[in-house]
Amino acid sequence: MHELPQNLANGLMLGLMYGLIAVGYTMVYGIVQLINFAHGEIFMIGGFGALTAYLALPSGTSLWLALPVMLVGGVIASVLVATGAERFAYRPLRTAPRLAPLITAIGLSIALQQVVWAFYPGAKKARTFPQFHGNPIDLGAFQLQRNDIFLLIAAPLCMLILASFVRLTRTGRAMQATAQDPDTAKLMGINTDRIIVVAFALGAAFAAVAAVAHGLRYGQVDFMMGFIAGLKAFTAAVLGGIGNIYGAMLGGLVLGIAESLATAYIQNVPGMHQLGGAGWANVWAFVLLIVVLLVRPQGLLGERVADRA
Amino acid sequence: MTALLEVEDLRVAYGKIEAVKGISFKVNQGEVTTLIGTNGAGKTTTLRTLSGLLKPTSGKILFDGAALDTVPAHKIVSLGLAHSPEGRHIFPRMTIEENLLLGAFLRKDSAGITEDIERAYTLFPILGERRKQAAGTLSGGEQQMLAMGRALMSRPKLLMLDEPSMGLSPLMMQKIMATIVELKASGMTILLVEQNAQAALSLSDQGYVMQTGHIVLNGTGADLLRDESVRKSYLGED
């Protein structure tokens with residue numbers, strides 16, 4: 001069992017990434033009760049935005065210096081696409097039956113993948129993403145990959161900023177009010193249309209940060225990367241209790257760690273030696289989702305609200 | 001008497017079903033005006049249209065000299081019209097104080113806001129005692145007080161109260177009605193929607209009786225209380 005700390009550390013990294021993406025699902029759901037299935041593609045586009053920004057810099061720029069520029073590029077790309085989707089795809093369907101925006105989201109998801117595939121130079125195959133080079137840092141019990149340092153700092157920082165934003169700012173309080181009761185929020189003078197845009201934009205910015213972390217970790221971005229990452233993050237959001245931003249992060253961590261441990265240890269369970277290894281990671285992640293939905297359908301931190309099916 | 005609010009031939013529909021079928025009424029400055037009527041008469045629909053949550057199909061709404069019918073809901077409160085909705089609709093996962101602060105969302109004068117919060121606590125001492133408590137944990141009557149307090153936080157020219165006594169104990173209902181009288185004495189103009197016609201009419205200057213989307217009768221509160229058909233239909237007398 002000496003590799004347990006390493007597996008936990010791997011799970012933590014995976015979890016931070018899922019959590020960052022999950023925040024976008026949960027915030028949008030909390031305010032407009034829409035599962036934005038195109039959010040995985042918003043994440044993917046953040047990765048390509050960051051890559052574009054990197055390529056625009058003079059070659060030989062140190063990655064530490066390039067990183068802020070890449071973040072800005074990724075965030076701009078993601079936020080533009082997400083707020084554009086809100087304005088032109090979802091807003092016209094605000095009063096339509098719930099199935100309509102859901103199907104629109106799935107359609108948008110496929111369309112965005114194909115647009116990147118067709119029009120981004122060289123995106124028909126995975127494109128190389130810059131990485132830090134050098135040996136992992138040995139922390140005794142486990143090793144930390146250099147490329148994960150960014151995620152380890154960025155994810156908690158993002159959550160801290162979001163929590164303070166929601167609790168302390170006027171717009172944050174307006175977001176809470178809109179999530180709890182949109183009509184009454186309007187009566188208070190809150191422009192709920194604007195709040196919805198803010199929710200989409202914040203979620204997109206978080207997804208872009210996650211995409212940079214993803215690119216650094218795996219050394220590549222590709223037009224399909226949002227599919228599985230999006231599904232996992234959606235799972236994390238449901239796991240944590242959809243609508244709850246802290247739940248999204250918690251759900252991400254639980255999912256990431258569970259996935260990492262299942263991949264490493266399930267094969268040691270008698271009779272299950274064929275069900276371990278990386279090839280089964282997604283299976284165990286979704287098994288966890290099914291179990292949570294059976295035992296605690298409102299998620300870990302969710303409240304049971306009758307009219308929010 | 002100058003009219004603060006004038007509604008002319010207002011029609012509101014949900015899809016093809018018309019809920020308000022061409023009503024006209026006035027709310028005079030400094031008075032309490034009541035709309036009474038049974039469930040489904042169109043009272044709540046009328047209030048939700050006045051505050052912009054529903055769009056009228058036709059008709060005019062003049063408030064303090066300005067046309068309201070095309071103003072979006074979130075801009076109405078800044079014109080001086082506050083709405084305490086049916087079913088109270090407090091923000092359940094926020095504290096009492098946060099709810100009150102949201103009532104003053106568009107105001108920038110923090111000194112005035114602090115003052116008004118204290119005034120709300122004077123009006124409803126129980127809210128002051130529980131200011132840090134989540135609003136969802138309050139009793140129905142306390143939530144009603146909070147909804148009224150929250151509506152007052154915008155310093156409105158006109159306060160609209162939709163069914164403030166609904167589901168309350170007789171004691172709590174008396175307290176709410178007494179507060180309305182107190183507010184009126186302080187000069188507040190109030191548009192009240194009530195099913196408890198007796199209590200509402202006895203504190204009203206003007207009353208309108210609504211029936212299936214029409215106004216069928218109007219007069220002073222005292223007149224309506226004496227009216228035979230009102231007594232039969234709404235006060236439960238034979």
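Colleague: In what order do the six strands of the open sheet in chain B lie?

Modeller: In this predicted model, six strands of chain B form an open sheet whose pairing is mixed. The edge strands, each of which pairs on one side only, are β6 (81-84) and β10 (214-220) of chain B, and the twist averages 15° from one strand to the next.

Colleague: In which sense, parallel or antiparallel, do β6(B) and β7(B) pair?

Modeller: Strands of a sheet pair through backbone hydrogen bonds, and this can happen in either of two senses. Leu81(B) stands opposite Leu158(B), which belongs to β7(B). Between β6(B) and strand β7 (residues 158-162) of chain B there are four bridges, and the sense of the pairing is parallel.

Colleague: Which helix of chain B packs on the sheet with its direction at about 170° to that of β6(B)?

Modeller: Helix α1 (residues 43-50) of chain B packs on the sheet, where it touches β3 (32-36), β6, β7, β8 (189-194) and β9 (206-211) of chain B, but its direction makes about 145° with that of β7(B). Another helix, comprising residues 140-152 of chain B, packs on the sheet by touching β6 and β7 of chain B. The helix that makes about 170° with β6(B) is α6 of chain B.

Colleague: Which element gives the largest share of the side of chain B that touches chain A?

Modeller: The contact takes 18 residues from chain B and 15 residues from chain A. On the side of chain B, the residues divide into 10 nonpolar, six polar and two charged. The elements that give two or more residues to this side are α2 (73-76) and α3 (96-103) of chain B, and the largest share, three residues, comes from α3(B).

Colleague: How much of the stretch 12-32 of chain A is helix?

Modeller: The unreviewed UniProt entry lists residues 12-32 of chain A as a transmembrane region, and residues 149-168 are also among those it lists. In the model, the end C-alpha atoms of residues 12-32 of chain A are 30 Å apart, and the strand content of this stretch is 0%. The helix content of residues 12-32 of chain A is 100%.

Key:
Residues are numbered from 1 along each chain as its sequence is written. Chains are lettered from A and ligands numbered from 1 in the order in which they are written. This is a predicted model: local features need pLDDT of at least 70, side-chain atom pairs count only at pLDDT 80 or more; totals for chains, interfaces and linings use all residues. UniProt positions are given in the numbering used here, feature names are shortened, and annotations may be inferred rather than shown by experiment. Two residues are in contact if their C-beta atoms, placed from the backbone, lie within 7 Å. Ala, Val, Leu, Ile, Met, Phe, Trp, Tyr, Cys and Pro count as nonpolar, Asp, Glu, Lys and Arg as charged, and the others, Gly among them, as polar. Two strands pair if DSSP finds at least two bridges between them. Axes are lines fitted to C-alpha atoms, for helices over the stretch in contact, and angles run from 0 to 180 degrees between N-to-C directions.
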